Amino acid sequence: MSSDSLETKCERKKIAKNCCNTKLHLTECSFSWTIDRYSSLVLRRNKTLKSSQFTAVGDNLKWNLEHYVYDDPYDNNQYVALFDLRVHLDGYENVEKYGTITGSAQISFMKPDGHKLETRNSDIDITPTKGPQSIFSFQISVVEVKEWTFQDELTIFCSVSYWKENDIVTTSSEQSPNRFEISESSLAQDFERCYLDDYFSDVTVSVKGKKYPVHKIILAIRSSVFNTMFRNKMQESRNNHIVITDIEQEPFEEMLHYIYTGKVTNIEESAFELLPAADKYDLIELKAMCEVVLCWKLSTDNAARILILADMHRADELKTFALQFIKENYASCEDFKNSEIWTVLTTSHLQLMKDMLAVFCEK
């Protein structure tokens with residue numbers, strides 16, 4: 001084939017001999033703080049309430065909220081509530097290495113159904129120094145805040161999104177002036193079409209009564225478990241039919257899509273069901289993706305269930321994160337008030353209970 005005919009199939013793009021690429025690593029984290037019996041606490045004026053510290057996965061910056069009630073200097077019969085978001089760098093040497101921290105923060109009062117009643121936003125632009133620093137403070141009438149409480153509980157949701165100066169990385173490189181650029185991910189698109197259109201499939205997987213025509217070679221390359229199954233001429237390989245009973249159709253389809261394309265379309269909703277499948281079929285990257293999503297989705301309502309899942313499927317990073325989350329939020333973790341979950345933990349996961357006790361005893 002001549003070079004001219006090749007150019008008709010591949011779009012030639014003008015490429016400079018030298019180029020550079022700038023990447024920004026954005027860090028995000030969020031936190032929910034519920035203050036019980038808020039009306040009683042309001043009467044204890046000049047008392048500062050502090051939330052536990054929260055942090056983003058893999059980041060050193062620690063954040064917390066503080067709440068303070070004091071007499072309104074302009075009205076003797078009114079009180080003012082002060083809400084303060086603070087960042088901590090205690091214990092870290094050479095804090096200047098972080099450079100300027102830039103981003104945005106948001107604090108919201110929430111109803112039990114997640115509806116926002118009041119939201120305050122602020123930009124983040126600080127130069128780190130040792131010790132805690134206030135990001136932003138705002139005042140609001142205690143009477144108004146008390147009107148927002150439900151069953152005398154005040155729930156505050158805080159989210160921060162930021163980057164450090166050294167998170168901006170610029171690299172340069174030299175490129176070949178005769179390079180052709182082929183459309184991105186065409187290989188993944190071809191394999192996805194192969195899966196969707198059932199091209200030359202040679203094995204069928206049945207899940208909950210639905211059959212999926214697939215390809216031995218692709219399953220074997222992507223999963224060591226399927227590789228062993230086909231190499232050892234197991235019954236499934238001889239019959240060209242595999243029956244899977246421990247996964248639902250929707251998460252299986254997500255897993256199959258990942259096997260063919262390396263992508264997951266709905267991982268935020270299916271991570272809990274996908275992680276066991278990824279572990280069973282030795283899909284290491286998919287398992288890691290599920291761990292990250294579940295770390296972000298940890299809440300007081302699901303922490304114990306996620307902890308059990310992580311322990312059962314050797315998701316060590318997720319387990320460590322869940323244990324720490326439970327330690328910091330134990331008083332409000334609804335999972336531990338659920339007798340069914342507590343029974344499962346104490347009867348079927350004794351080693352996990354020991355691990356939890358060890359974390360709780362850490363200083």
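This is a predicted model: local features need pLDDT of at least 70, side-chain atom pairs count only at pLDDT 80 or more; totals for chains, interfaces and linings use all residues.
View 1. Residues are numbered from 1 along each chain as its sequence is written, and side-chain values use heavy atoms, with hydrogens and water left out.

**View 2. Helix α8 spans residues 249-261.** Helices (DSSP runs of H or I, at least four residues) and strands (runs of E, at least two) are numbered from the N terminus. From its first C-alpha to its last, α8 reaches 18 Å with its 13 residues, close to the 18 Å expected at 1.5 Å a residue; the expected span is 1.5 Å times one less than the number of residues. Ten of those 13 residues are buried, so α8 is largely enclosed by the rest of the structure. Buried means under 20% relative accessible area, exposed over 50%, and partly exposed in between (1.4 Å probe, protein chains only). Among the buried residues of α8 you can find Pro251, Phe252, Met255 and Tyr260.

**View 3. Asn240 sits in the loop between α7 (235-239) and β13 (241-244).** Its phi is near 55 degrees, a positive value in a residue other than glycine. Asn240 counts as partly exposed, at 31% relative accessibility.

**View 4. Lys208 lies in the loop that runs between β11 (203-207) and β12 (210-214).** Lys208, a residue other than glycine, has a positive phi near 50 degrees. With a relative accessible area of 44%, Lys208 is partly exposed.
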